[in-house]
Amino acid sequence: LSGAITLDRGYKNSGSCLSEITFLDGEEGILRYRGYSIEELAEKAHFLEVSYLLIFGELPTAEQLKQYETDIRKYTLVNEEMKNIIDGFPKTAHPMGVLSALTSALTAFNPKAVNPDNPKELYESVCKIMGKFLVIATWTYRKTMGYPLNYYDNTKGYVENFMNLMFHLPTEPYKANPIIVDALDKLFILHADHEQNCSTSTVRMVGSSHAGLFASISAGASALWGPLHGGANQAVLEMLEEIHAHGGDTEKYLAKAKDKDDPFRLMGFGHRVYKNFDPRAKIIKKAADEVLSTLGVDDPILEIAKKLEAAALVDEYFVSRKLYPNVDFYSGIIYRALGIPTDMFTVMFAIGRLPGWIAQWKEMRINKEPIGRPRQIYTGHAFRGFVPVDKR
Ligand code: SDX
């Protein structure tokens, strides 16, 4: 290979940075945020508390958490002119495209570049994006449905507000169901960070040019949208519904997934790092059972997912490639039970991942990481002279 450059497509074997935020062990299936296990945080913490841990490095005291919630509430009002932007989208626009555009548009209303070395400025921009991202994420759904856009209710909690922003109607006030709020809180925690995945690496890359926090988050949302990444949770549900429509014939779809001539992949299976069970998938699978039975939802899709998982876990093709269910395999089943529409599933992932993107952007800037600029191995033409058009 030319010079000192080594080719590592997809950065499968490259480390891009030093980081203190999230620890992943793909062989053992371990995931920790700032040293705390995902199992303990999902069980004992709340999403905003975990967002504080990821972004500022420590679990907040009761006082710090209360102040953080109060400070986020200062910024939950989104500039009314943002409605002109969302009105420009057709109802058929995918919510992830709208979310990415609106997030970038926030820069227009907050033009002052954030100096990450100024703790006060940085803290204020963290509270701004935490407050406004949730609201604009729900506006994408409300717009599709032709519903009036809701406002954050500063008397309610963060996760309860999500459901209120999504489903409150002037004709039918939304009444929070604590089971749903608790399930969502847990799901958001499980999605909150995952070291240098595709969308987080995108946030770091964009931010490394000193582009603003909102612009970097907007880029991360676009990367997450892809079906190989966060878009997989929507693709899993569409796959399971297709299997259901074909009489639940899981064997046929397993065969398709193994057929190299067939582009079909078993969505929600496999992972670049986890070569064992994704610890999040284990927790979400358990939560799916609990939430559906508590809500009295009997979803045949859940049974198909379990049948598919059981078959894949003993199938040589999947076992030899260490392909296990990942975070996206069961999450959509819970979202569906909570009344979230399928094309909003990746938006749910983005809401959960927001604190991780913020934490990683902050660390990248405070560590003064250099601008990202990888090299390549050139395989194109050697030098050749220009040929005038009348001679071609
Ligand atoms: C997320 O990185 C993160 O941390 C991401 C994430 C996060 O929290 O940010 O965890 C969230 O994105 C989870 C992944 C969601 N994506 C999917 O569920 C889509 C289906 N999965 C695959 O496309 C795939 O497994 C990836 C993209 C997740 C990982 O791809 P890799 O690491 O590049 O692996 P690969 O494509 O090189 O696959 C290795 C082999 C290949 O077969 P061979 O060429 O060796 O014969 O495994 C096969 C692949 O064909 N394979 C699959 C498969 N996944 C891999 N075959 C069938 N079905 C699949 N799902």
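**Helix packing.** I looked up helix 12 (residues 250-258) and helix 14 (residues 300-312) in this predicted model, and they pack at about 50° with their axes 10 Å apart. Helices are DSSP runs (H or I, at least four residues), numbered from the N terminus. Axes are lines fitted to C-alpha atoms over the stretch in contact, with angles from 0 to 180 degrees between N-to-C directions. Helix 12 is therefore oblique to helix 14; angles under 35 degrees count as roughly parallel, over 145 as roughly antiparallel, 65 to 115 as roughly perpendicular and the rest as oblique. Their crossing is right-handed (the near helix is turned clockwise from the far one by less than a right angle; anticlockwise is left-handed).

I then took helix 13 (residues 279-295) and helix 16 (residues 328-337), whose axes come within 8 Å and cross at roughly 25°. That makes the pair roughly parallel. The crossing of helix 13 and helix 16 is left-handed.

**Ligand.** I found 25 residues around the ligand (a heavy atom within 4 Å), the closest being His-194, Arg-265, Gly-268, His-271 and Arg-280. I noted polar contacts (N or O pairs within 3.5 Å): ligand oxygen atoms lie 2.8 Å from a polar backbone atom of Gly-268 and 2.8 Å from a polar side-chain atom of Arg-272. A polar side-chain atom of Tyr-317 is 2.9 Å from a ligand nitrogen. The protein buries 79% of the 1100 Å² that the ligand exposes alone (Shrake-Rupley, 1.4 Å probe).

**Basis.** I number residues from 1 along each chain, and side-chain values use heavy atoms, without hydrogens and water. Local features need pLDDT of at least 70 and side-chain atom pairs 80 or more, while totals for chains, interfaces and linings use all residues.

How values were computed
A polar contact is a pair of N or O atoms within 3.5 Å; within protein, one must be able to donate a hydrogen and the other to accept it, and residues adjacent in sequence count only if both atoms are side-chain atoms. Helices (H or I, at least four residues) and strands (E, at least two) are DSSP runs, numbered from the N terminus.
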